[in-house]
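Dear colleague,

I am handing over a structure that is new to you, and I would be grateful if you could look through it alongside the notes that follow.

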Amino acid sequence: MGKRDNGTGTIRKVKGENGIRYYAYGPATYECDDEGIVTCHREPLGRFDKRTDARKALEDYSRRPTLKYNYTM
């Protein structure tokens, strides 16, 4: 488990009642409003049971970015 390259997204490990989950987020985008306040936005890609699944989701997202990666119909 090493550091990811810049601009490739984030994987966060969260411990909770249902065990350990991994959350994948797309690369950060920054926006500046009229008052000069900069905000950071990260697109959530989904929740995964294994870190390897989250890493695979980020690799797929980097090849084909979409706003609805882990979308359920």
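Predicted model: local features only at pLDDT ≥ 70, side-chain atom pairs only at ≥ 80, totals over all residues.

**What was found**

Residues are numbered from 1 along each chain as its sequence is written, and side-chain values use heavy atoms, with hydrogens and water left out.

An aromatic ring does take part in another arrangement: the charged end of Arg12 sits over the ring of Tyr25, 5.4 Å from its centre (NZ of Lys or CZ of Arg has to be within 6 Å of the ring centre and within 35 degrees of the ring normal).

Turning to the strands, an open sheet of three has the order S1-S2-S5 with antiparallel pairing; strands are DSSP runs of E with at least two residues, helices are runs of H or I with at least four, both numbered from the N terminus, and two strands pair if DSSP finds at least two bridges between them. Strand S1 (10-16) and strand S5 (44-48) are the edge strands, each pairing on one side only. Strand S2 (residues 19-25) pairs with S5 over four bridges in the antiparallel sense, and Tyr23 has Arg47 in S5 as its bridge partner.

Strand S3 (residues 29-32) and strand S4 (residues 38-41) run antiparallel and are joined by four bridges, with Thr39 in S4 as the bridge partner of Glu31. Their hairpin has five residues between the strands, and Gly36 takes a positive phi near 90 degrees there.

Cys40 also has its place in strand S4, and it touches Ala28, Thr29 and Tyr30, not counting residues up to four places away in sequence (contact means heavy atoms within 4.5 Å).

The largest nonpolar core has nine residues: Ile11, Tyr22, Ala24, Leu45, Phe48, Ala54, Ala57, Leu58 and Tyr61. Such a core is a set of buried Ala, Val, Leu, Ile, Met, Phe, Trp, Tyr and Cys residues joined through side-chain atoms within 4.5 Å, and buried means under 20% relative accessible area, exposed over 50% and partly exposed in between, with a 1.4 Å probe and protein chains only. H1 supplies the largest share of this core, four residues.

With best regards
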